[in-house]
Amino acid sequence: MKEDKVTRRVFDKRTLRKMYRQSFIAGIEKCRQLHASKKGDRFQQPGNSVAVYARLRPLFQHEADAGEFAVVDVTATGPQVYSCQMKPDLKHGFIATYNFPVFAFSDRTTTDEVCEEADIRGLAILAMAGGNGVCTMFGQTGSGKTYTMSGVLEAAADELFGSQEVKLGAIQVVMSCYEVTGKTCQDLLAGRAKVTTKTGQDGYVQTSAKQVGVGSMTQWREVLAYAMAQRQTAATARNADSSRSHAFYHLTTYMRGASEDSGPRPGSLVFVDLAGSERVADSFHHNAEQQAQSTEINASLSVLKDCFRLKSQGAKYVPYRESILTTLLRNALESSVGPG
């Protein structure tokens, strides 16, 4: 008996998007023209303690060579996303548009411009005055978080170590660096020793992370370079050198002669380069260990998003204890806890 010829083929969404790329590109251009005819006020950050910014990275050459195309525009009202989808017959496509109300930077914006708009130097000034500042980088693996974080760290440190108070020794700065992998935390300045945490009755979280005194940009760069070299990375389908951990770079400022019982309380400046979130398709070829890492990364990021959302809404209860990532961020996000 002669077998029938197989005529059915199964394609994933990404492959179909590439197959119909010319139609989608033409459709996106029509959507752009329609959006351009509508006017809207420029997005303004809400008047609370949590500010959100988005940065669009450029399309890489290898992505363009593979048939990928841009589906995001930066507009005055926020990022405009063109979701290219297929109808059930898998022969006809359509475009759904979404606008997200956050301040966005285009792919032509420099990191210096990002730091200026986000007032990164203001975070350093806040820390020197005894306040708490935190900056986190969140996004899919390969989206450029570590690249942006490097510039942000440089801008904050330039403000901190360029101040007369630090130069003259009136303010002392110590630095600790550690990373969260799964449910454990390891010290990047102490041979990857395990970092333990202890939460006081007032909610203040103390860690066993090693603290290193830094008094100049040169010293700071040396400590930072050493810590970054210890960070856990691995090749993934989206990034040849993907960060597989949440990295904390924590600067604490002390007024000379002050103690926990007298004088201004220490200031805190925390920068967190979060591990990249991954879609199922991007982790398809991972081994069992990498699959487990991706699951843990996505779970911890989900808790962090919940904490940010509830914090911005003024909720009485924020679930910091559900993840070691959010436990470590509690001090920075809750300005009411801590000594002083």
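Modeller: Start with Glu 179 and Arg 192, whose side chains meet in a salt bridge at 2.4 Å, N to O. The term means a side-chain nitrogen of Lys or Arg within 4 Å of a carboxyl oxygen of Asp or Glu. This pair links distant parts of the chain, 13 residues apart. Glu 179 sits in strand β7 (residues 171-181). Arg 192 sits in the loop between β8 (184-187) and β9 (197-199). Helices (H or I, at least four residues) and strands (E, at least two) are DSSP runs, numbered from the N terminus.

Buried means under 20% relative accessible area, exposed over 50%, and partly exposed in between, with a 1.4 Å probe and protein chains only.

A word on the basis. The model is predicted, so local features need pLDDT of at least 70 and side-chain atom pairs count only at pLDDT 80 or more, while totals for chains, interfaces and linings use all residues. Residues are numbered from 1 along each chain as its sequence is written, and side-chain values use heavy atoms, with hydrogens and water left out.

Now the other salt bridges. The whole structure holds 12 of them. One joins Arg 17 to Glu 68, at 3.3 Å from N to O. Here too, distant parts of the chain are linked: Arg 17 is in helix α1 (residues 13-19), and Glu 68 is in the loop between α3 (61-65) and β2 (72-75), 51 residues away. Glu 68 is buried, with a relative accessible area of 14%.

A local case is Glu 29 with Arg 32, whose closest N and O atoms are 3.5 Å apart. Both lie in helix α2 (residues 21-36), 3 residues apart, about one turn of the helix. Both are partly exposed, Glu 29 at 36% and Arg 32 at 27%.

Next come the rings. A pair of aromatic rings is described by the distance of the centres and the angle of the planes. Rings of Phe, Tyr and Trp (its six-membered ring) pair if their centres lie within 6.5 Å; planes under 30 degrees apart count as stacked, over 60 as edge-to-face and the rest as tilted. The structure has 4 aromatic pairs. Tyr 53 and Phe 105 are stacked, with centres 5.8 Å apart and 25° between the planes. Tyr 53 lies in strand β1 (residues 53-55) and Phe 105 in strand β5 (residues 103-105), so their pairing ties together parts 52 residues apart in sequence. Tyr 53 is partly exposed at 29%, but Phe 105 is buried at 5%.

Tyr 178 brings us back to β7. Tyr 178 stacks with Phe 248, at 5.1 Å centre to centre and 20° between the planes. Phe 248 is in strand β14 (residues 246-255), so this pair ties β7 to a part 70 residues apart in sequence. Tyr 178 and Phe 248 are both buried.

Contact here means heavy atoms within 4.5 Å. Helix α8 (residues 217-230) has 14 residues and reaches 20 Å from its first C-alpha to its last. That is close to the expected 20 Å at 1.5 Å a residue, where the expected span is 1.5 Å times one less than the number of residues. Met 217, Trp 220, Val 223, Leu 224 and Ala 227 are its buried residues. They cover an arc of only 130° around the axis, so they sit on the same side of α8. The arc is that of the directions from the helix axis to the C-beta atoms. The face turned away from this buried side carries the exposed residues Thr 218, Glu 222 and Ala 229.

Leaving aside residues up to four places away in sequence, Thr 148 touches Arg 55, Thr 111 and Met 137.
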